[in-house]
Amino acid sequence: ADMLTNMMGAIQFSNPKEAEQAKFFTRQYVNSMSPSNFVMTNPEVCEEIVKTQGQSILKGMQAYLEDLEKSPLEAFKMRQSDSDSFEIGVNLANSPGKVVFRNELIELLHYEARGKTTHQVPTLITPPFINKYYVMDIEEKKSLVGGLLDSGHSVFMISWVNPEAELSNNDFFDYMRKGPIEAIDVIKEISGKDKVNLTGFCVGGTLSAVTAAYLRGKGDESVNSLTLLTTLLDFSQPGEVANYFSEDMLGMIEKNADIKGVFDGRIIAMSFSLLRENSLFWSFFVDNYLKGKDPAPFDILYWNSDSTNIPADCFKQYLRLTYWENKLREGGSVVVDGVPIDFANIDMPTYFLTTVADHIVLWQGAYAGTKLVSGPVRFVLGGSGHIAGVINPTKGGKYPHWINEELPETPEEWQAGATEQSGSWWVDWHSWLKPMSGKKVKALVPGECENLPALGDAPGEYVKKVLE
């Protein structure tokens, strides 16, 4: 292992990206060949086989075959949590509310207020369309939605469809039009207000920023404030995700999406797991299949395995605009419906939340986005990683956060001047959001708008579709 790693470090590459890819895939190979991943060279596995008289390895083989049967040809869907312990709408995604709007791409959820009054400016959350929304309403104690409701906000959530091939021709900007833009129009009609506080997470954050820039470019001031959670606007530092892309690989990925009409979400889930291969892949491989153990119930890992497809046109366009060409950062280089997309149009207050150990969105890369918007910016660095750092509740949150009231040129300068704050970043966010949310008014009752009656109870139907 050391020899291979050192050899990759000694080779001189003409292209720095190729050097990173070589090191990344060498690391994948080295960790896959670890003696702990094989029956005869893992003493714990051998001991378990003897102790159970071979039943452990038989149980593991059965689990492996079951998982293999549920996997697409291109990826292996490994169980990471006890799936029987969770049910969407029961002990996950169970904040009360109504589906108040539906189109081919979204269901819009309106949550019940937790008091007689709420702030008059509603909040819309745009989750990533490569995952299901309920990581932000994972369960009562850790619900980001619940935290906003407790702070007196009127909360709406986009729930993306889990698409099949018939939706293949919906591109990234169709997701903008039929997602946050239609949702904003609906919320304005329900609330009777002309402003919405927009929040986006990861890919949903990029989509939210594009939406805000597009609307401002049209002279539409519906977006009152913008919150971007672990979001890239400038993809100059894309992290290890970029190791999956080369011109040849990109062509293969796009061809796969075209053939199926969608890009299978299980491929994305496996790709993200392999960014932390020892903790998110090989440890489960050993426990599940070599030791024959059942995975423990863990809500976030259950969500992580609950994959979502992406329409072929959306997937291809998103990859080209972001990771490959990084065109969105170039103001006006992308034009939609005659409107140049320019992040400098984002003149409303913007809150950036990043996390120090994020392996998908490097916080230093997210910091570059603060230089693209023109409005007042607050940048906060949370503890932990891409999910746990965001889902860090006010009560019982385990991770601190760092704040710097200044916004220097580089992330290193920002970090040097930042001060550590104990507890969840949610407290800081809610304090920032409050003055932009207006006075308290009588709480809206979900589904009671005459023109937009309830279509059903939250969490709706789109979120329940499972890939098979």
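Modeller: Let's start with exposure: a residue is buried when its relative accessible area is under 20%, exposed when it is over 50%, and partly exposed in between, using a 1.4 Å probe and protein chains only. A bit of background too: this is a predicted model, where local features need pLDDT of at least 70 and side-chain atom pairs count only at pLDDT 80 or more, while totals for chains, interfaces and linings use all residues. Residues are numbered from 1 along each chain as its sequence is written, and side-chain values use heavy atoms, leaving out hydrogens and water.

Biologist: Why is Asp 457 called partly exposed?

Modeller: Asp 457 has 49% relative accessibility. The in-between class runs from 20% to 50%, so Asp 457 counts as partly exposed.

Biologist: What makes Lys 98 and Asp 457 a salt bridge?

Modeller: A salt bridge needs a side-chain nitrogen of Lys or Arg within 4 Å of a carboxyl oxygen of Asp or Glu. Here the closest N and O atoms are 2.5 Å apart, so the pair passes. Lys 98 sits in strand β1 (residues 97-102) and Asp 457 in strand β19 (residues 456-457), so their bridge ties together parts that are 359 residues apart in sequence. Lys 98 is partly exposed as well, at 26%.

Biologist: How do you decide what is a strand or a helix?

Modeller: Both are DSSP runs, numbered from the N terminus: helices are H or I with at least four residues, strands are E with at least two.

Biologist: Which other salt bridges can you show me?

Modeller: The whole structure has 28 of them. One of them joins Arg 27 and Glu 277, with the closest N and O atoms 2.8 Å apart. Arg 27 belongs to helix α2 and Glu 277 to helix α10 (residues 277-290), so parts 250 residues apart in sequence are tied together. Arg 27 is partly exposed at 27%, whereas Glu 277 is buried at 3%. Another joins Lys 195 and Glu 221 at 3.7 Å. Lys 195 is in the loop between α6 and β6, Glu 221 in the loop between α7 and β7, 26 residues apart.

Biologist: Why does Gln 28 count as buried?

Modeller: Gln 28 has 12% relative accessibility, and that puts it in the buried class. It lies in helix α2 (residues 16-32). Contact means heavy atoms within 4.5 Å, and beyond four places in sequence Gln 28 is in contact with Leu 274 and Glu 277.

Biologist: What does the side chain of Gln 28 reach?

Modeller: The backbone oxygen of Leu 274, at 2.7 Å. A polar contact is a pair of N or O atoms within 3.5 Å; within protein, one must be able to donate a hydrogen and the other to accept it, and residues adjacent in sequence count only if both atoms are side-chain atoms.

Biologist: How do you know that the length of helix α6 agrees with expectation?

Modeller: The expected span is 1.5 Å times one less than the number of residues. For the 20 residues of α6 (residues 172-191) that gives 28 Å, and the end C-alpha atoms are 28 Å apart, so the two agree.

Biologist: Where is the kink in α6?

Modeller: It is centred on Glu 182 and comes to about 30°. The bend at a residue is the angle between axes fitted to the seven residues ending there and the seven starting there.

Biologist: What makes α6 largely enclosed?

Modeller: Of its 20 residues, 15 are buried, so the rest of the structure largely encloses α6. Just after α6, Gly 192 has a positive phi of about 75°.

Biologist: How many disulfides are there?

Modeller: A disulfide is a pair of cysteine sulfur atoms within 2.5 Å. By that rule the count is zero. For Cys 314, the nearest cysteine sulfur is that of Cys 202, 13 Å away. Cys 314 is buried, at 0%.
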